[in-house]
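Thank you for sending this two-chain model; my comments follow as numbered points, starting from a single side chain and widening to the contact between the chains.

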Amino acid sequence: MKKLVNNAEDVTVEQLKGFGLAHDEIDVHFDPNYVCVAAPVQDRVAVVSGGGSGHEPLHGGYVGLGMLDAACPGQVFTSPTPDQMFEAGKAVHGGRGILQIVKNYTGDVMNFQMAADMLRDEGIEVRNIIIDDDVALKDSLYTAGRRGLGTTVIAEKVCGAASLEGYDLDRLAALCKKVNIHGKSMGMALTSCTTPQNGTPSFELPEDEMEIGIGIHGEPGILRDKIRSADEVTEILTDRILDDEAYTRNLSEWDPAKGDWTDVEVTDITLQKGDEVIAIVNGMGGTPLSELYTVYAKLADLTARRGIRIVRSLVGNYITSLEMAGVSITLVKTDEEILRLYDAPVKTPALRWGM
Amino acid sequence: MTETLTTAVTAPMVRAWIERSAKVLADNRAYLTELDAPIGDSDHGNNMDRGFKAALEKLPEGDDIGAMLKSVAMSLISKVGGAAGPLYGTMFLDGAKPLAGKTSLSADELAQFFDDAVAGVMKRGRSDVEMKTMLDALAPAARAFREEAAKGSDIRAALKAAAEAARQGMEATIPMQAQRGRASYLGERSIGHQDPGATSSHLILQAFSDVVEEAAQ
């Protein structure tokens with residue numbers, strides 16, 4: 001293992017220290033660990049997210065005006081614990097409740113639910129909305145379901161803007177759900193990655209092979225194949241996204257009327273000719289920007305041929321797996337509301353425009 | 001040796017259970033992580049060891065069993081992380097709820113503790129038996145405890161039956177295809193591996209049976 005670390009046990013704390021020192025508008029708290037906006041949240045819904053470390057800039061890099069109010073980083077590739085979300089939630093609660101945006105990984109879903117239960121005991125209203133946009137996985141009955149990928153970034157951006165516009169908690173939760181069912185992603189890896197704690201790659205990938213349909217924790221994908229050209233790889237990912245059928249599954253949501261968690265059936269949209277989308281060509285951490293733009297060129301060509309128009313795009317590292325080389329593509333179907341909120345000003349370490 | 005019935009689990013026995021669990025999980029740290037490597041993310045042993053060390057450190061003084069088990073739950077929730085933290089946390093938290101203020105537990109109360117614990121894990125994990133999870137050890141153990149206790153209220157015998165049921169349940173996870181957690185993404189490739197969560201559950205129940213057995217001798 002060749003990494004810029006001092007002590008493998010301390011990587012999360014050490015990066016948080018640096019993050020706090022580098023960004024004045026963000027406060028960093030330790031034990032429990034969370035980062036939040038320095039300016040108090042007043043009379044609007046607070047938007048909180050979190051997940052394992054190693055996916056930077058997700059989520060801490062998206063804390064700031066017009067996006068997240070707080071983010072809770074776990075150990076590398078490990079869910080944060082409820083005490084983190086509990087303290088972060090109390091710190092940023094602005095009297096109108098909290099929206100927690102949660103990627104669909106078993107640990108994240110449960111830890112955020114426990115945190116929501118603890119916050120509710122303090123009289124704070126909380127909604128958890130799950131992001132599960134990874135089209136590589138077909139089946140939800142016999143697996144933990146689709147994983148949360150790039151749509152998370154768009155959901156955080158759009159919901160942060162909506163909170164500033166004054167959306168109440170119910171409306172904000174409904175918006176977040178809409179972004180999730182409008183979003184589809186798929187990723188691939190050219191190399192594996194190594195967590196500092198383990199010190200060895202999480203899977204072996206020979207020099208001439210690639211792994212298709214990966215998540216973001218160095219877990220193996222759905223198939224392995226000989227490496228192909230950028231255009232061919234882009235086509236595999238894009239076709240799978242564009243051809244993805246309406247996916248129906250049960251997601252756990254808080255039911256305020258029942259006062260309990262309940263399974264709600266959710267069905268995705270399918271992408272149709274004439275749709276307008278936000279596109280992310282996302283690097284997994286170790287991919288040069290030049291390669292990502294090569295992928296983008298083919299993506300633009302493939303979507304245009306299907307009559308789908310990319311109206312906004314992000315090309316770069318937005319949701320990563322440490323030093324893994326590879327790419328994921330995300331398409332989120334927009335409408336007037338999503339696009340207006342996406343275009344609203346944002347000022348975070350990793351995403352900034354309009355101000 | 002004359003066989004005497006164990007009709008109550010006392011607070012010192014519960015304390016010994018937590019101490020023994022911490023020791024056994026520390027001893028099996030590498031083993032649990034090894035089981036986790038092919039179907040998870042190679043951290044179950046480390047996480048459980050860290051969690052029970054914290055639980056032991058923060059275990060409150062006194063004889064309130066409910067308070068002790070609740071404290072264990074909170075330590076596990078904040079220190080284990082991943083999926084095991086909320087699941088084991090919920091197991092102790094939901095199991096301990098009716099036990100606040102109690103300084104000893106009857107066989108009936110323990111049976112209820114196990115049933116509540118299993119129900120809590122099922123609900124939190126939206127899971128059931130035969131999905132290759134800790135429930136494959138816990139659920140048969142709870143059932144075996146209740147059945148054995150109903151025969152003559154001997155807690156020692158019932159805990160022994162529970163630990164044995166957990167062991168069999170743990171071994172039964174080997175041919176199963178995972179339907180929950182990170183292992184489920186592997187589909188058929190998860191077959192042939194013993195579930196690390198069912199294994200740690202068996203270790204914890206075996207620890208309970210062992211300390212109560214030793215206390216009776």
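1. In this predicted model, the side chains of Arg124(B) and Thr90(B) are joined by a polar contact of 3.4 Å. Arg124(B) belongs to helix H6 of chain B, which covers residues 107-125.

2. Is Arg124(B) buried or exposed? Its relative accessible area is 14%, and because residues under 20% are classed as buried, Arg124(B) counts as buried. Leaving aside residues up to four places away in sequence, Arg124(B) touches Pro86(B), Leu87(B) and Thr90(B) in chain B, and across the chain boundary it touches Met110(A), Gln113(A), Met114(A), Asp117(A) and Trp261(A).

3. Turning to the contact as a whole, chain A contributes 32 residues and chain B contributes 24 residues. About 2,300 Å² is buried between chain A and chain B, with 52% of that area on carbon and sulfur atoms. Of the area that chain A buries against chain B, 25% is supplied by Met110(A), Met114(A) and Tyr142(A), which is more than any other three residues supply.

4. Arg126(B) takes part in a salt bridge with Asp263(A), in which the closest N and O atoms are 2.8 Å apart.

5. Which elements of chain A give two or more residues to the side that touches chain B? They are helix H2 (82-92), helix H3 (106-121), strand S10 (248-255) and strand S11 (260-267), and the largest share, 7 residues, comes from H3(A). By residue class, this side of chain A divides into 12 nonpolar, 15 polar and 5 charged residues.

6. H2(A) deserves a separate comment. Its buried residues are Pro82(A), Gln84(A), Met85(A), Phe86(A), Ala88(A), Gly89(A) and Val92(A). Within chain A, the buried residues of H2(A) pack against strands S2 (34-37), S3 (46-53), S4 (70-76) and S5 (98-103) and against H3, while in chain B they pack against helix H4 (65-79).

7. Finally, S2(A) also pairs with strand S1 (residues 26-29) of chain A, in the antiparallel sense and over 4 bridges, and Val37(A) in S2(A) is the bridge partner of Ile26(A). S1(A) and S2(A) form a hairpin with 4 residues between them, and in the turn Asp31(A) has a positive phi of about 50°.

Key
Residues numbered from 1 in each chain as written. Chains lettered and ligands numbered in written order. Predicted model: local features only at pLDDT ≥ 70, side-chain atom pairs only at ≥ 80, totals over all residues. Heavy atoms only, no water. Contact = heavy atoms within 4.5 Å. Buried area = accessible area lost by both parts, 1.4 Å probe. Salt bridge = Lys/Arg side-chain N within 4 Å of Asp/Glu carboxyl O. Nonpolar A, V, L, I, M, F, W, Y, C, P; charged D, E, K, R; others polar. Buried < 20%, exposed > 50% of the residue type's maximum accessible area, 1.4 Å probe, protein only. Polar contact = N/O pair within 3.5 Å; in protein donor to acceptor, adjacent residues only side chain to side chain. Pairing = 2+ DSSP bridges.
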